[in-house]
Amino acid sequence: MKYHNSTQDNNSTSATDFITFVNNSPSPFHAVEEARILLDKAEYKELKECDNWRGTLKKTGKYYFTRNRSTIVAFAIGGKYEPGNGFSMAGAHTDSPCLKVKPISKKVKEGYLQVGVEPYGGGLWHTWFDRDLSVAGRVMVETEKNKFEHKLVKVERPILRIPTLAIHLDRDVREGFKFNNEVHLTPLIATVSNKLAENNEKHHPALLDILAQELKCKVNEIHDFELCLYDTQPSTIGGAYKEFIFSARLDNLMMSYALLIGLINSTKNISESLCDDSNIRLITLFDNEEIGSTTAHGANSLLLETTLRRICSAFAEPGYDTIFEETIHKSFMISADMAHAVHPNYCEKHEENHRPQMNQGVVIKTNANQASDLIQYHRYATTSVTSLILRQVAKKYKVPLQDFVVRNDSPCGSTIGPMISANLGLRTLDIGNPQLSMHSIRETAGTKDVDHAIKLIKAFFEDFAEIDRNITVD
């Protein structure tokens, strides 16, 4: 599937292109690959973390790098950037709740071949029953003796199914669908056959044969893999007036896409705004947010800090020891993660004055208990100062905004915002597009909000440095 011209200010085009992105991204590895394709097309140059960047980075230059091929960082250097100036930044995440194939997945029970899986993140696992499932992710393939290569795989056809128990055998299911994640959340892949006799102690030959066919390699050349289960039903635009997106992984590929296109649109053809910018524009799409972000490629790692330090040092004169500290206090981070739209059947779950609606704009998320241990969740990093900055941007470009505050008697989800803010002492704001059915295998969002978010991010990159000069808080 191909993308349209991403610079068109057209709600339907933005939504359609996003659907192409999410359908092509059944795993974090695929999402990063799609991001690479779009960045390459926009003439961003790929860097390697293991290389020396000094002498490589130039003003108005556009760059990106990946880590683990599941996290990606892209940045563009303003034409008027000087050492010690700030970064205009936005972050999101590439992972979504899913089921992952276990390292030893081979199971046989009552004449069925089953694949052992484990839940990743906090999914609504009951929504995974009776769906047409397949696998996608990364496979490590031996290409020649003792040489291994990362290869993406996406099996398009449904090969797995987690069947529910017939109501005749469980009359209480109408009162509550209860199941054991270890016992009942195990998909079928086949019935017992002569494939069972083949010698592989970890995985069913049926699964390995399919992977080998997709990768055009031999089974014995497959040495390891990281596979996500995904729903083969493609994302689509729906509703009577085509105002909804029905899709998997809206949390958080919608915000990842908005950040990516917002940055690209703000730097297209070395735009005039980039030439005049005194800041560096940067996005980072992390992996592992759904499991707490404390990994080598998650937001709670040193990835962002070391990246900022390396970019600063590439421009700093020897002996300029405080450049990073000066830079941080001139910088700003947007943490972009999907928000909860008010649900018409459960409207009492929302605070009465803060009920975001789909297609009405991006949501600013606020909570007074930014990192409360009492509920064991990171809240939001938004403050009056950080929200003022984005409100000024939105006002100038007439991008609609909404506000969300969780009820005082309700728990709250996590974002990357508070941990980045705390780790770096960085001004941070939490935002997101409103959606329904968060963490379901099939979520719902508004078509217009894709464009709202892209316009807001583009405007932020183009105007933050100027707006920030007019706000004084020490």
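**The largest cavity**

The largest cavity has a volume of about 190 Å³. A cavity here is a set of points, on a 1 Å grid over the protein atoms alone, where a 1.4 Å probe fits but cannot get out. Grid points are joined across faces, edges and corners, and the volume is the space filled by probe spheres set on the points. The structure holds 2 cavities of 30 Å³ or more.

This is a predicted model: local features need pLDDT of at least 70, side-chain atom pairs count only at pLDDT 80 or more, and totals for chains, interfaces and linings use all residues. Residues are numbered from 1 along each chain as its sequence is written, and side-chain values use heavy atoms, with hydrogens and water left out.

**Lining**

The lining of the largest cavity counts 22 residues, each with an atom within 4 Å of a point. Nearest the centre lie Ser 96, Pro 97, Cys 98, Trp 128 and Arg 249. By class, the lining has 11 nonpolar (Ala, Val, Leu, Ile, Met, Phe, Trp, Tyr, Cys, Pro), 6 charged (Asp, Glu, Lys, Arg) and 5 polar residues (the others, Gly among them). Strands S5 (98–109) and S10 (222–231) each supply at least two lining residues. S10 gives the most, with 4 residues. Strands (E, at least two residues) and helices (H or I, at least four) are DSSP runs, numbered from the N terminus.

**Between two domains**

The domain assignment, automatic or from a database, gives domain 1 (14–96 + 248–469) and domain 2 (98–231). Both give residues to the lining, so the largest cavity lies between them. The domain centres, taken over C-alpha atoms, are separated by 33 Å. Their contact (heavy atoms within 4.5 Å) takes 22 residues from domain 1 and 21 residues from domain 2. Together the domains bury about 1700 Å², with 63% of it on carbon and sulfur atoms. Buried area is the accessible area (1.4 Å probe) that two parts lose on being put together, summed over both. Between domain 1 and domain 2 the count is 0 salt bridges. A salt bridge puts a side-chain nitrogen of Lys or Arg within 4 Å of a carboxyl oxygen of Asp or Glu.

Arg 249 sits in the loop between strand S12 (244–247) and helix H4. Its phi is near 60°, a positive value in a residue other than glycine. H4 spans residues 250–266 and includes Asn 252. The peptide bond from Asp 251 to Asn 252 is cis, with omega near 15°.

On S10, the side chain of Glu 226 meets that of Arg 138 in a salt bridge (2.6 Å, N to O). Arg 138 lies in strand S7 (residues 133–144), so the pair ties together parts that are 88 residues apart in sequence.

Terms used. On a 1 Å grid over the protein atoms alone, a cavity is a set of points where a 1.4 Å probe fits but cannot get out, and a pocket is an open set with protein on both sides within 12 Å along at least five of seven lines; lining residues have an atom within 4 Å of a point.
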